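Hello,

The structure we talked about is below, with the sequence. My notes on it follow.

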Amino acid sequence: MSDHPDLDASDVEVKVQSGEVILTGTVRERRFKHELEALAERVSGVTDVRNEIRLYREPQQQQGEAKASAGLSSSERSAASTGAAAGTSGGLTSSGATSPSETKNNESRRNAS
């Protein structure tokens, strides 16, 4: 497996017991997981392969940030990141709340009607 030029098995451990191969560790691409299993199955004497390899995931902090900005437009993401860096909300409000200036504008429109 480590000699295969197209596979990165550097974080994969292989255990063999009574003809059963157990693959554990992480890979960065799903195809590596399946290719490693197929390679193990082709080895003479292997009776079963238990594939416990997991896909490598980005650290949680980065995933959370990506999820938080997934529903925003690029300009909203830019404003949010600029505001976060400056310690402000960047003009964005949470949970559908309106800002004080929006409330005043809405009241003025209602009174004018």
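Among contacts between residues at least 6 apart in sequence, 54% join residues at least 24 apart. The model is predicted, so please read everything here as computed from it. Buried residues account for 17% of the 113 residues in the chain.

Fold

There are 4 helices and 3 strands, and from the N terminus the elements follow the order β-β-α-β-α-α-α. The 3 strands make an open sheet, ordered β1-β2-β3, with mixed pairing. Because β1 (12-17) and β3 (48-55) each have a single partner strand, they stand at the edges, and one side of each has no neighbour in the sheet. From one strand to the next the twist averages 10°.

The pairing of β1 with β2 (residues 20-27) is antiparallel and spans 6 bridges. Within this part of the sheet, Lys 15 is opposite Ile 22 of β2. Helix α1 (residues 30-41) lies across β1, β2 and β3, and runs at about 160° to β3.

Salt bridges

The structure has 5 salt bridges. One of them joins the side chains of Arg 50 and Glu 20, at 3.9 Å from N to O. Since Arg 50 belongs to strand β3 and Glu 20 to strand β2, this pair ties together parts that are 30 residues apart in sequence.

Glu 20 is partly exposed at 22%; the cut-off for buried is under 20%. Glu 52 has a relative accessible area of 33% and is likewise partly exposed.

Arg 31 and Glu 29 form another salt bridge, in which the closest N and O atoms are 2.9 Å apart. Arg 31 is partly exposed, with a relative accessible area of 41%, and Glu 29 is partly exposed at 35%.

Surface

Met 1, Val 14 and Val 16 make up a nonpolar patch on the surface, and together they have about 240 Å² of accessible area. Val 16 is in strand β1 and counts as exposed because its relative accessibility is 58%, where exposed means over 50%.

Regards

Methods: Residues numbered from 1 in each chain as written. Predicted model: local features only at pLDDT ≥ 70, side-chain atom pairs only at ≥ 80, totals over all residues. Heavy atoms only, no water. Pairing = 2+ DSSP bridges. Helix = DSSP H or I, 4+ residues; strand = E, 2+ residues; numbered from the N terminus. Axes fitted to C-alpha atoms, helices over the stretch in contact; angles between N-to-C directions. Contact = heavy atoms within 4.5 Å. Patch = residues over 30% accessible without salt bridge, like charges linked within 9 Å, V, L, I, M, F, W, Y side chains within 5 Å. Areas by Shrake-Rupley, 256 points an atom, 1.4 Å probe, with all protein chains shown as cover. Salt bridge = Lys/Arg side-chain N within 4 Å of Asp/Glu carboxyl O. Buried < 20%, exposed > 50% of the residue type's maximum accessible area, 1.4 Å probe, protein only.
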